[in-house]
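User: Hi! Could you walk me through this model?
Analyst: Happy to; here it is.
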Amino acid sequence: MSKQTKARIIEAAEYLFALQGYGQTSMREITARADVNLASVNYHFGSKKNLIQAVLKRYFDVMMPQIDDALARLVPSVGRRGVDQVLQNLKGPLLNLNAVQPNGTEMFVQLLGKGYTESQGHLRRFIMGSYGDTVQTILAMLRTALPAIPADELFWRLHFAIGSFVFSMASSQALKDIAKADYQQDIDIADVIEHLFPFVAQGISGDGYQNEF
């Protein structure tokens, strides 16, 4: 029963966090949706921050080992092609989040996007503390692909790339609706990613980009 209660709390919190954001979701709303009392939430998670991390953990625990496996076999080329290779190896683990639950990929990116836009600093500490080795591997691969790019410039490119990725994925339903209404295209989340990754790769690699400052 305890495991079922914990699972109900996580599912209720996930739904509300994705819908409303972390800051706008109260513990009272979570307990009401999960049909539990506040003592149960405190017993299983201790705090709202811990609950937020637990919601994301079940996705990261599936995705990050798959990324490790994919990148372990990769020696990226230099330049845009190398960036493409790194991103292509992230695509499968990201789409495999649909195994966590239906629409898991979209849900995960919405949750990640909320943390990104709401400046939930504890999430960065959680991600780096629990999955920092994988994050550092991704960054090392990108540095291998772009050896001439200074670290601070790569930071800005990655920041803008993440912003594009989060916005596009968080609004993926709207994009699918527009593609259907305006272009008679039936697309799914994999199609959105397929269109998005080349754009992100170009931004990171800097093809045709010159810094004026």
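User: Which residues of α8 are buried?
Analyst: E153, L154, R157, L158, A161, F165, V166, S168 and M169. Buried is under 20% relative accessible area, exposed is over 50%, and partly exposed lies in between, with a 1.4 Å probe and protein chains only. Helices are DSSP runs of H or I with at least four residues, numbered from the N terminus. This is a predicted model: local features need pLDDT of at least 70, side-chain atom pairs count only at pLDDT 80 or more, and totals for chains, interfaces and linings use all residues. Residues are numbered from 1 along each chain as its sequence is written, and side-chain values use heavy atoms, leaving out hydrogens and water.
User: What do those buried residues pack against?
Analyst: They pack against α5 (80–95), α6 (104–117), α7 (121–145), α9 (172–183) and α10 (189–205); contact means heavy atoms within 4.5 Å.
User: Switching topic, how many residues are in the largest nonpolar core?
Analyst: The largest nonpolar core has 60 residues, and F17, L51, F60, F108 and L111 have the most contacts inside it. Such a core is a set of buried Ala, Val, Leu, Ile, Met, Phe, Trp, Tyr and Cys residues joined through side-chain atoms within 4.5 Å.
User: Which helix gives the largest share of this core?
Analyst: That is α4, with 11 residues.
User: And what does F108 touch?
Analyst: Leaving aside residues up to four places away in sequence, F108 touches L56, Y59, F60, M63, L94 and L97.

Note on methods: Helices (H or I, at least four residues) and strands (E, at least two) are DSSP runs, numbered from the N terminus.
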